[in-house]
Structures are given as structure tokens and as C-alpha cells.
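Student: Let's go through this one together, please. I would like to take the fold before the details.

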Amino acid sequence: MVANSYYNMTKILSIIITATLCLNTAVRAGEISPELRIKINSVDKNQPIRVWIKLPRAENPEELKRSVNAASDTREGRYGEAYGRLKSTHQKSQQGVLARLNQLQKTGKCAKIKPSWLANIVEVEIAAGELESLAARKDIETIYTIPMLTSIKPTEPETQESQGQSVSATVEPNLTFIKA
């Protein structure tokens, strides 16, 4: 009798754990990148931050490739088909997020909303305090800070004359490389 109830309890417990794991992955919310989380913690909650909001894939890349190849024999036709499919599916997948961002824009908590259907990303300037609630949505995969692009300062090329040799007395590196 005790062994039977123990068996039933382990069976119930395993069902509960399995259901919890399945529900957790099915209702999984988005996440905030570690770099963005550090930035959020270091600024005021009303401070605007420019971010990229990445949405889950709306198209299976392999299925898209197969259907595009089957739809047309020419490169131009395949391009047009892929362009149209990505645009329509990503625009549909972004509708909920864009609606929420437009609401926030009306209250002054976000600005400069730029959807990109090609990569299924929305770029936006949003108050730091709104990012946690936005990341809790299940139609958002990840929220990133926008990478800062900086130019590299050019350096002066090292010449043979600066090393004390005349240019005509030395072999240029490209000639040495090809053993000429």
C-alpha cells in the first residue's frame, strides 16, 4: 500500500515538473542583454536609451529558402519572393510591439521608433524604466543596446626613411612576400 502511494506521488510529481518546464518554455518572455542591464541600473528611470528590440523569427530560414527556390527560376524572382515574404511576415510579427511603443510614444516615454522588417528588429529610444515591462512580453526575444560605432584614428605609416634607410635601398614588403 505504501509502495503504491509512493509510486503515485512520484508519478504526480514528474507530471507537475514536466508541465512546468513545458509551460515555462511556451510562455517565455524576452530578456535584456547584460550590457543594457548595466546601463539601466546606472541611469535614471526616465532617461531615454536607444535600443534594438529583437523579435523571434517569423520565418523558418530553410522553409523560406525552399519555397522561394520553388517559386521562381530567376535570381530576380527569388529575390522578389523572399523580399515580399520577409516584409509581410515580419511586419505582422511586429504589430503588437509597435502598438505598445506607439502608446508609450503618446505618453512621452519613447520616441524615434524605426521598425526593420529585414532583421525583425525595432530600433527605439525609450525610457529606461519601461524596458523591464517591455522585456516581459512573450513576443520579444531580446533587447540590446545599440552598438556605438567609433572611427579608428589613422596612424602614420612607417617609412624606411624614418628608420634611417633610403627608400631606394630597401625592398618593399609586397615584393618580399611574393619572393620577387
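Tutor: One definition before we begin: helices, with at least four residues, and strands, with at least two, are DSSP runs numbered from the N terminus. Please also keep in mind that this is a predicted model.

Student: Ok, how many helices and strands are there in the protein?

Tutor: The protein has six helices and five strands, and, read along the sequence, they follow the pattern α-β-α-β-α-α-β-β-α-β-α.

Student: And what is the mean pLDDT?

Tutor: The mean is 75, with 73% of the residues reaching 70 or more. Over residues 21-27 pLDDT stays under 50, and for that stretch the model has zero contacts beyond four places in sequence.

Student: What share of the contacts with a separation of 6 or more comes from residues 24 or more positions apart?

Tutor: That share is 68%. As for burial, 23% of the 180 residues are buried, while the accessible surface comes to about 13,600 Å², with carbon and sulfur atoms accounting for 57% of it.

Student: Switching to H4, how far does it reach from its first C-alpha to its last?

Tutor: The 32 residues of H4 reach 43 Å, which is close to the 46 Å expected at 1.5 Å a residue.

Student: Where is the kink in H4 centred?

Tutor: The kink is centred on glutamine 95 and amounts to about 45°. Just after the end of H4, glycine 108 takes a positive phi of about 85°.

Student: Which residues are buried in H4?

Tutor: The buried residues of H4 are Ala82, Leu86, His90, Gln94, Val97, Leu98, Leu101 and Leu104. Their cover includes strand E2 (48-54), helix H3 (61-71), E3, E4 and helix H5 (131-135).

Student: How many aromatic pairs does the structure hold?

Tutor: It holds one. The rings belong to tyrosine 79 and tyrosine 83, with centres 5.9 Å apart and planes at 40°; planes under 30 degrees apart would count as stacked and those over 60 as edge-to-face, so an angle between these limits makes the pair tilted.

Student: Where do tyrosine 79 and tyrosine 83 sit relative to each other in helix H4?

Tutor: Because they are four residues apart in H4 (residues 75-106), about one helical turn separates them. Tyrosine 79 is exposed at a relative accessible area of 58%, whereas tyrosine 83, at 37%, is partly exposed.

Student: New topic, backbone angles. What is phi for lysine 112?

Tutor: Lysine 112 has a positive phi of about 55°, although it is not a glycine. This lysine 112 lies in strand E3 (residues 110-116), and its relative accessible area of 54% makes it exposed.

Student: And asparagine 120, where is it found?

Tutor: Asparagine 120 is in the loop between E3 and strand E4 (121-127). Its phi is also positive, near 55°, in a residue other than glycine.

Student: Is asparagine 120 buried or exposed?

Tutor: Asparagine 120 has a relative accessibility of 2%, and buried means under 20%, so it counts as buried. Leaving aside residues up to four places away in sequence, asparagine 120 touches Ile53, Lys54, Leu55, Pro56, Ala58, His90, Ser93 and Gln94. Among these, His90 and Gln94 are buried residues of H4.

Student: Last one, glycine 30. Which residues does it touch, not counting those up to four places away in sequence?

Tutor: Glycine 30 touches Ala135, Arg137, Ile140 and Glu141 on that count. Its place is in the loop between helix H1 (2-26) and strand E1 (31-32), where a relative accessibility of 17% has it counted as buried.

Student: How far apart are the C-alpha atoms of isoleucine 140 and glycine 30?

Tutor: Those atoms are separated by 4.8 Å, although the two residues are 110 residues apart along the chain. Glycine 30 and lysine 138, which are 108 residues apart, have their C-alpha atoms separated by 5.9 Å. Isoleucine 140 itself sits in the loop between H5 and strand E5 (142-145) and, at 1% relative accessibility, counts as buried.

Terms used:
Residues are numbered from 1 along each chain as its sequence is written. This is a predicted model: local features need pLDDT of at least 70, side-chain atom pairs count only at pLDDT 80 or more; totals for chains, interfaces and linings use all residues. Side-chain values use heavy atoms; hydrogens and water are left out. Rings of Phe, Tyr and Trp (its six-membered ring) pair if their centres lie within 6.5 Å; planes under 30 degrees apart count as stacked, over 60 as edge-to-face and the rest as tilted. Buried means under 20% relative accessible area, exposed over 50%, partly exposed in between (1.4 Å probe, protein chains only). Contact means heavy atoms within 4.5 Å. Accessible areas come from the Shrake-Rupley method with a 1.4 Å probe; for residues, only the protein chains shown count as cover. The expected span of a helix is 1.5 Å times one less than its number of residues. The bend at a residue is the angle between axes fitted to the seven residues ending there and the seven starting there. pLDDT is the predictor's confidence in each residue, from 0 to 100.
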